[in-house]
Amino acid sequence: MMPNASSKVAAITMGDLPFYSPAGSECELFERAYRNQLPVLLKGPTGCGKTRFVAHMAAKLGRPVYTVSCHDDLTAADLTGRYLLKGGDTVWVDGPLTRAVREGAICYLDEVVEARKDVTVVVHPLTDDRRILPLERTGELLQAPAEFMLVVSYNPGYQNVLKSLKPSTRQRFLALEFSFPSPDIEASIVARESGLPRDRCVPLVRIANALRDLKQQDLEEGASTRLLVYCAVLIRDGVNPQTAIEASLIEPLSDDADVKQALLRVADIAL
Ligand code: ADP
């Protein structure tokens with residue numbers, strides 16, 4: 001693992017099949033992209049299932065996955081690797097992208113627009129038919145095996161002029177759009193993930209959807225499926241529903257007292 005602790009790298013062991021409830025044909029499309037060695041871009045709001053989808057598909061395809069949460073300090077070297085001093089010697093340590101290429105794994109760059117611009121430079125040659133990763137520092141030119149797949153995600157909601165994905169980058173990927181599941185499916189997901197009976201999850205999903213409808217007005221983002229799961233977990237654990245709703249569906253969305261009051265009213269009505 002890279003010394004830069006802020007770039008979260010997770011290798012998921014093969015064998016487990018994380019639960020994922022599909023919304024459409026995304027599983028089949030992803031599998032075809034993998035078989036045809038095409039890179040994939042997942043677009044959608046935070047907490048709507050993108051990471052879970054990648055974990056599920058990776059397990060299904062029998063490939064390990066290296067997940068990197070991109071942030072504004074993440075450089076190309078964090079992905080490719082660097083020389084480190086070890087006991088007086090200088091040794092090369094592969095970064096997660098290089099490891100994924102060498103091992104034929106899936107490399108998932110979460111929120112790729114957050115990363116520094118030099119990241120796109122290392123990613124580009126892996127996204128066309130060359131499928132190569134040049135490592136300038138070691139002088140290696142790695143040819144990605146058929147099992148290697150590059151997956152990136154981004155949240156169009158956060159898009160601003162400085163941080164949008166350039167057409168020259170996005171047009172290198174097949175793109176799958178993710179949104180929140182339909183209420184019926186979301187209630188089942190929340191019940192399964194939290195252990196709270198489904199009929200008690202239905203009103204929570206209704207609240208989330210009422211809050212999501214406010215997105216265009218006062219809120220940058222609506223309540224995610226992830227937050228709904230948190231809410232249901234608290235309730236299942238015996239927390240008073242009103243307290244759970246405030247802590248998981250209201251407070252994370254805004255710091256503004258007036259906005260929070262308005263959200264609470266919307267939640268009350270939806271309940
Ligand atoms: P994202 O990567 O889009 O930010 P995640 O994949 O981390 O979101 O999803 C957050 C949580 O929501 C997951 O841990 C899971 O509990 C739940 N979740 C969301 N969508 C689904 C889905 N379609 N199937 C199963 N779980 C889901």
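Me: When is a residue called buried, and when exposed?

Reply: A residue is buried if 20 or more other C-beta atoms lie within 10 Å of its own, exposed if 12 or fewer do, and partly exposed in between, with the C-beta atoms placed from the backbone. Before the cases, please keep in mind that this is a predicted model, in which local features need pLDDT of at least 70 and side-chain atom pairs count only at pLDDT 80 or more, while totals for chains, interfaces and linings use all residues. Residues are numbered from 1 along each chain as its sequence is written.

Me: Is Ala 208 buried or exposed?

Reply: Ala 208 counts as buried because it has 26 C-beta neighbours inside 10 Å. Ala 208 belongs to helix 8 (residues 198–212), where helices (H or I, at least four residues) and strands (E, at least two) are DSSP runs numbered from the N terminus.

Me: Which residues does Ala 208 touch, leaving out those up to four places away in sequence?

Reply: Two residues are in contact if their C-beta atoms, placed from the backbone, lie within 7 Å, and by that rule Ala 208 touches Ala 223, Leu 228 and Leu 249.

Me: Is Ser 179 buried or exposed, and where is it placed?

Reply: Ser 179 has 12 C-beta neighbours inside 10 Å and therefore counts as exposed; its place is in the loop between strand 10 (174–177) and helix 7. Apart from neighbours within four places in sequence, Ser 179 is in contact with Gly 44 and Cys 48.

Me: In what sense does strand 2 pair with strand 9 and with strand 10?

Reply: Two strands pair if DSSP finds at least two bridges between them. Strand 2 (residues 40–43) pairs with strand 9 (residues 149–154) in the parallel sense over four bridges, and Leu 41 has Val 152 as its bridge partner there. Strand 2 also pairs with strand 10 in the parallel sense over four bridges, with Leu 176 as the bridge partner of Leu 42.

Me: In what sense do strand 7 and strand 8 pair?

Reply: Strand 7 (residues 132–135) and strand 8 (residues 140–143) pair in the antiparallel sense, over four bridges. Their hairpin has four residues between the strands, and in it Gly 139 takes a positive phi near 80°.

Me: How many residues surround the ligand?

Reply: A residue is near a molecule if its C-beta atom, placed from the backbone, lies within 6 Å of it. Here 17 residues surround the ligand, and the closest are Gly 49, Lys 50, Thr 51, Arg 52 and Arg 226. Helix 2 (50–61), helix 7 (183–194) and helix 9 (225–236) each supply at least two residues of this shell.
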